[in-house]
Amino acid sequence: MIEFEDVTKRYPDGTVAVDRLSLRIPSNEITVFVGPSGCGKTTSLRMINRTIERTGGRITIDGEDINAKDPVVLRRGIGYVIQHAGLFPHRTVVDNVATVPKLLGWDKKRTRDVAMELLERVGLDPKLAQRYPAQLSGGQQQRVGVARALAADPEIMLMDEPFSAVDPIVRHQLQEELLRLQRDIGKTIVFVTHDIDEAIKLGDNVAVLRVGGKLAQFAPPAELLANPADEFVESFVGQDRGYRALTFRQAEGVELGPLPDELIVDEAGKPVGWSKGGDELLPVGAVFHRGDSLRAALDAVLTSPVGQGVCVDDDGKAVGAVDQAILAGALRS
Amino acid sequence: MIEFEDVTKRYPDGTVAVDRLSLRIPSNEITVFVGPSGCGKTTSLRMINRTIERTGGRITIDGEDINAKDPVVLRRGIGYVIQHAGLFPHRTVVDNVATVPKLLGWDKKRTRDVAMELLERVGLDPKLAQRYPAQLSGGQQQRVGVARALAADPEIMLMDEPFSAVDPIVRHQLQEELLRLQRDIGKTIVFVTHDIDEAIKLGDNVAVLRVGGKLAQFAPPAELLANPADEFVESFVGQDRGYRALTFRQAEGVELGPLPDELIVDEAGKPVGWSKGGDELLPVGAVFHRGDSLRAALDAVLTSPVGQGVCVDDDGKAVGAVDQAILAGALRS
Amino acid sequence: MFEYLFDSFNWSGPEGIGARIIQHIWYTLAALGLSAVIALPVGLYIGHTRRGAFLAINLGNAARALPSLGLLMLAVLLTDQIGFLPVLIALVALGIPPILTSTYAGLSGVDAATVDAARGMGMTGREILTKVEIPIAMPLIISGLRGATLQIVSTATIAALVSLGGLGRYVVDGLKLRDFPQMFAGALLVALLAILLDLLFALAGRITVSPGLRRNA
Amino acid sequence: MTWIGDNLGLIWEQLREHLYLAIVPVLLGLLIAVPLGYLATRYNWLANPLIAFGGVLYSLPSIALFIVLPVILGTQVLSPVNIVIALTIYTVSLLIRNVIDGLRSVPPDVRQAAIAVGFGSLRRVLTIDLPIAVPVIFAGLRVATVANISMVSVGAVIGIGGLGELFTQGFQKDFLTPVVVGVVLSLLLALLADLVLVVLQRVLTPWARVNSPVKAA
Amino acid sequence: ACGGGGDPLSGDSDAGSSPAPDKVTSITVGSADFSESQILAEIYGQALASKGVEVKQQSNIGNRETYMAAIKDGSVHLLPEYTGAALDYFKKGATETDENAAYDALKGALPSGLEVTDKSPAADEDTIVVTKATADKYNLKSLADLKAVSKDMVAGGSSEFKVREAGLKGLKEKYGVEFKEYKTLDAGGPLSTKALLDNQIQVSNFFTTQSVIKDNNLVQLEDPENILPPNNIVPLIRTDHKSDDIAATLNAVSAKLTTDSLTELVKRADVGKEQPAAIAKDWLAQNPLT
Ligand SMILES: Nc1ncnc2c1ncn2[C@@H]1O[C@H](COP(=O)(O)OP(=O)(O)OP(=O)(O)O)[C@@H](O)[C@H]1O
Ligand SMILES: Nc1ncnc2c1ncn2[C@@H]1O[C@H](COP(=O)(O)OP(=O)(O)OP(=O)(O)O)[C@@H](O)[C@H]1O
Ligand SMILES: [Mg+2]
Ligand SMILES: [Mg+2]
């Protein structure tokens with residue numbers, strides 16, 4: 001656990017970037033710092049690996065004050081990923097990933113093996129290992145950055161807007177990969193973003209900061225959407241928060257109705273369309289799985305031309321349908 | 001009307017960026033080109049002002065082949081706005097806006113008046129007129145870019161990802177302003193983006209391109225969300241399309257239920273919270289206006305702790321409520 | 001001129017072209033080496049710490065304005081010596097500014113994010129300098145050395161004005177005697193030497209600069 | 001020190017000659033380098049050969065050039081024209097790189113926008129590209145000016161060298177004062193010229209002074 | 001007469017021939033890169049100026065080979081010269097040892113377009129010197145004595161001394177003297193003096209009017225074979241600037257100059273660091289031309 005106790009950062013020019021911040025960052029989860037530009041996210045993050053030194057308060061990791069440690073040693077045990085990855089342009093991909101193991105003096109073979117394994121882990125083709133960063137796309141670079149930060153198997157990973165420089169589609173992929181990776185590795189990740197959607201998607205907990213470096217709310221994302229602490233958080237969380245909050249409610253509990261007769265399925269049971277009388281078929285609309293969120297279920301209802309959302313199993317076989325009324329019941333409960 | 005007839009662009013290195021594109025871009029409306037990176041959006045756009053020359057087919061404006069015109073004359077009659085605005089860094093804001101009038105040799109006074117008027121029109125403080133682009137925020141620069149493109153009062157405006165470099169909040173503002181502006185000026189706007197949300201929000205019509213420069217679908221956004229032409233469009237349009245499609249349906253027609261007794265309002269009739277019995281109040285949740293879309297109404301229902309979305313009038317006075325059941329009826333109709 | 005160059009008589013002996021070229025290279029390398037020994041550490045220091053940059057850069061630029069001829073003569077008069085020392089002083093004064101400024105420029109041009117990443121992963125100041133900043137600044141460091149070499153090679157000719165050898169001997173003697181072939185030959189050899197050394201540096205660049213830093217990698 | 005008082009007239013004369021010999025080539029060099037640089041950005045294949053050729057020219061020893069030019073051009077041996085042309089050659093060879101870099105420094109966005117609003121190409125170069133390239137061109141101009149001021153002195157070896165003549169004269173008489181005066185004045189001259197260029201650049205690029213982005217008004 | 005263009009190497013190239021003018025209103029006086037030449041040029045110039053001629057000084061041009069190119073292409077019109085050295089320049093291998101013979105030979109050797117006016121009794125001869133220590137060590141009195149020891153000696157001096165008849169060539173031909181090495185320094189300037197005194201060179205070439213010789217106790221070696229020519233001061237002038245008035249003024253100057261006074265003037269410049277113009281002005285004040 002990383003704990004901020006009354007932490008303050010006042011820059012030499014007098015700017016107070018972080019003001020008496022107190023926060024407990026649980027281990028093995030993703031905690032996201034989110035807030036408008038200049039609210040002190042980066043400053044807060046970098047005080048953890050002491051690339052910025054706090055000017056007041058205390059930061060402890062598992063109870064130990066980080067100031068008691070040699071900063072270089074501290075940093076080697078903390079992974080750090082930033083926008084544009086900050087890759088070393090003069091080193092190949094594999095050498096970039098191997099940076100920390102080399103600093104730690106691991107033997108060559110082990111270093112190389114770890115680096116190659118990590119490349120695979122973050123979804124990079126091992127063929128890219130000998131390339132230089134300039135020869136990679138933005139998304140690939142970002143993956144290398146993550147691999148590099150993971151190389152010494154640190155307990156903690158700090159990530160400062162790592163995905164904000166790539167295009168939305170790639171960003172989406174990277175987010176999914178981070179979640180998948182985290183399921184495997186279970187690190188303590190502190191993630192900074194100014195994108196509330198990203199925060200909600202990735203965070204087990206989200207810390208919303210306001211300008212001046214004050215904590216506005218610290219809560220799991222569902223809670224944030226349902227109960228914004230104040231107007232600032234509410235406006236920051238933005239429109240559609242009700243709809244988005246459905247992301248955190250499982251469709252599992254929804255009672256499925258029977259498959260309507262109008263739904264035409266193929267021999268494998270997969271839905272192909274809604275019969276309209278005659279040969280004409282209406283599109284099925286979006287479908288959802290049992291394990292999906294209520295959001296997916298609602299979207300299935302909304303896209304269905306007949307107001308019935310089709311639920312399918314893992315093979316794509318239609319297993320039932322919900323309509324607005326059923327959903328309303330589920331939502332209310 | 002701008003018409004593409006079988007237009008092809010093959011770059012000297014053999015890349016076919018646009019492949020037999022046929023399209024009618026209606027006058028006085030916003031037409032958005034959307035598609036993944038490299039699908040030929042920019043190329044298609046720039047063939048219109050001949051900053052890229054097509055290699056096959058024909059492009060006509062109001063029936064006249066653009067190749068029949070002197071490109072310099074053609075360009076002066078077409079506004080062009082790009083990412084980062086492409087402002088001239090060595091000229092003041094007002095001089096930037098006055099670029100085309102100056103090229104056309106208008107007299108000084110008229111040029112200046114037009115420029116100042118345009119600055120106001122795009123929502124810029126006239127005080128900024130004497131600043132240089134580097135002294136403006138990204139959003140302000142983008143506004144100057146729009147004003148510059150409008151200066152000679154062109155019939156056609158080409159906009160290539162104009163808002164993609166600014167942060168989400170400013171982008172949202174700029175989009176709103178563009179829509180407001182377009183209500184006044186009613187230009188023929190061709191707008192390129194890779195963000196489907198932006199396309200849906202701004203476009204009267206949306207052309208979805210796939211890589212290789214082929215047209216996948218050309219339709220108004222509501223149609224696109226409701227009936228994606230194929231899997232590519234469907235996946236590109238993304239999740240939540242059902243929910244997003246509600247944007248195009250007015251909440252006007254929804255029959256409001258009476259205000260529930262549990263809703264506590266202040267003396268002006270504004271909702272302050274839901275009574276829970278005792279003194280404790282639950283938050284109102286999001287509210288919606290009569291003129292809002294069904295999306296807003298649904299979100300109001302979803303955020304309400306009691307499942308009742310509150311509708312308010314322009315003064316913020318609560319005028320009625322809807323619940324899931326009422327909405328379901330409205331949606332089905 | 002070519003007659004002069006191809007006359008084998010002119011090539012041998014202590015006053016032959018061969019010997020003069022070796023002298024010229026010696027002056028150049030000595031001056032370059034000394035300039036580098038002075039300018040590189042200073043450039044690296046201010047580039048790494050960003051301290052004293054203003055002063056060092058402006059002094060460096062001012063030093064560019066020192067007239068080599070005047071400096072040379074001043075050095076002779078002040079050291080009260082003729083020979084290598086005053087020439088070395090003048091040439092070193094010429095070599096320091098380009099090396100200093102481009103070393104600094106190279107280091108300060110390293111992307112702040114890259115240095116931040118290096119620090120964040122636990123590199124010490126020295127490791128950041130040697131493993132990150134210097135390799136990335138290498139193209140500019142080399143180009144500073146190239147610039148210095150070019151100037152030193154060409155200016156080393158004036159060493160002949162104060163009695164030293166080197167290819168300047170041909171130029172200066174040619175001037176005094178109005179022996180144009182000799183002078184042309186001298187000038188040509190200087191230019192060729194400059195080009196040769198430049199190519200060597202280009203080669204050194206190829207070897208020491210990571211392919212990842214080349215523009216069209 | 002009395003020497004200075006006794007020779008103010010002479011010093012003033014040399015200073016003026018020095019300034020003239022150094023500045024005229026800068027202006028001529030600029031006039032030549034700009035169109036050449038423009039051609040090189042227009043026909044890209046020209047750029048590298050031009051820069052390389054400039055490098056070769058720059059490596060020619062200045063004394064040699066000063067003496068050889070009258071032979072090639074048929075000018076009188078003591079004509080200042082020789083110095084002016086030689087230094088113009090150096091200036092062009094230095095500036096060409098900066099002009100090319102400067103023109104290339106125009107952001108593609110800006111160039112795109114200029115084409116799209118309907119600038120003709122000459123007009124675009126004159127009113128958009130060149131002004132934007134001013135900072136980079138001026139960087140080269142400053143180096144060239146300072147280098148010229150230092151190099152003019154070498155002309156003293158053939159009797160036309162402005163302040164350089166103070167060097168040779170002092171040197172012949174084993175007399176420090178004129179050499180020191182010459183070095184100091186030529187340094188001051190260089191710094192002054194540099195200052196003038198800095199101020200001129202500021203005047204020419206009012207937009208570059210304002211680097212404080214003001215958040216939404 | 002402008003031009004040049006031709007190969008400036010050919011010593012006897014034509015300087016362009018236009019007839020002597022009746023009246024010359026302006027003239028450019030040149031000088032070599034040593035004090036004596038500059039003082040003489042100033043004396044000529046100021047004398048002519050006092051006669052109403054507009055005078056421009058182009059001082060410190062360089063050595064003979066350089067300033068000769070300048071007078072040939074018309075960059076300058078008048079120069080102080082030395083009979084023997086000039087003769088050697090225009091006519092390689094001339095061996096006249098008598099001062100009048102040398103003067104006459106020079107007149108004959110001049111290319112058309114260049115002339116000399118009357119020579120002065122003042123002379124500044126080339127001299128070959130060693131330090132007192134060297135002279136004592138090897139018992140040197142004459143150039144002939146050098147032959148036995150020159151193999152171990154380093155000589156030094158101007159570039160031209162190395163290739164001239166009145167230099168290494170003559171030493172080798174007439175005395176059989178060959179040095180271990182020759183260092184190119186300057187023509188009796190500070191480099192040569194320093195090098196000689198530091199014993200970096202043992203033999204050098206100076207000029208008799210230089211005060212450094214006496215001040216440092218340098219020993220002038222005798223020249224029995226007369227390889228060092230007589231060197232009377234003589235104005236060298238372009239024909240196109242030699243009006244009668246000008247020639248008369250120059251002749252008057254030449255007549256008044258003496259070796260001793262010249263030595264004194266040179267000392268004022270080299271040791272006293274006075275400017276040539278000031279020295280010339282004093283001399284003209286003390287020696288008014290009629
Ligand atoms: N070195 C510094 N000196 C002075 N003030 C600074 C310094 N670094 C940051 N600040 C200020 O501290 C505040 C917080 O900065 P910080 O970089 O932590 O913000 P952020 O939340 O990361 O913003 P962004 O989203 O723009 O990255 C800002 O007002 C910033 O201007
Ligand atoms: N000058 C060129 N020469 C060769 N190929 C080019 C050139 N310009 C663009 N292309 C290629 O043509 C295709 C279409 O490019 P275009 O710039 O029109 O795409 P786009 O849809 O605007 O992409 P983005 O969203 O990345 O801006 C791409 O494959 C691109 O690489
Ligand atoms: Mg930040
Ligand atoms: Mg594009």
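Me: How do the residues of the shell around ligand 1 divide into nonpolar, polar and charged?
Reply: The model is a predicted one. In the shell around ligand 1, three residues are nonpolar, six are polar and three are charged.

Me: Which residues surround ligand 1?
Reply: They belong to chain A, and among them are A:Tyr11, A:Asp13, A:Thr15, A:Lys41 and A:Glu161. The list also includes A:Gly38, A:Cys39 and A:Thr42.

Me: And which helix gives the most to that shell?
Reply: Helix 1 of chain A, residues 41–48, gives the most, with three residues.

Me: How far is the polar side-chain atom of A:Thr42 from an oxygen atom of ligand 1?
Reply: The distance is 2.5 Å. Backbone atoms take part as well: a backbone N or O atom of A:Gly38 is 2.8 Å from an oxygen atom of the ligand, and a polar backbone atom of A:Cys39 is 3.2 Å from an oxygen atom of ligand 1.

Me: How much of ligand 1 does the protein cover?
Reply: On its own, ligand 1 has 640 Å² of accessible area, and the protein covers 62% of this.

Me: New topic: which residues make the nonpolar surface patch?
Reply: C:Leu78 makes it together with D:Leu176, D:Val180, D:Val184, D:Leu188 and D:Leu191, and the patch is about 480 Å². Helix 9 of chain D, residues 176–204, gives the most to the patch, with five residues.

Me: Where is C:Leu78, then?
Reply: C:Leu78 is in helix 4 of chain C, which spans residues 68–79.

Me: Is C:Leu78 buried or exposed, and why?
Reply: C:Leu78 counts as exposed because its relative accessible area is 56%, and the cut-off for exposed is over 50%.

Key:
Residues numbered from 1 in each chain as written. Chains lettered and ligands numbered in written order. Predicted model: local features only at pLDDT ≥ 70, side-chain atom pairs only at ≥ 80, totals over all residues. Heavy atoms only, no water. Patch = residues over 30% accessible without salt bridge, like charges linked within 9 Å, V, L, I, M, F, W, Y side chains within 5 Å. Areas by Shrake-Rupley, 256 points an atom, 1.4 Å probe, with all protein chains shown as cover. Salt bridge = Lys/Arg side-chain N within 4 Å of Asp/Glu carboxyl O. Helix = DSSP H or I, 4+ residues; strand = E, 2+ residues; numbered from the N terminus. Buried < 20%, exposed > 50% of the residue type's maximum accessible area, 1.4 Å probe, protein only. Near = heavy atom within 4 Å. Polar contact = N/O pair within 3.5 Å; in protein donor to acceptor, adjacent residues only side chain to side chain. Nonpolar A, V, L, I, M, F, W, Y, C, P; charged D, E, K, R; others polar.
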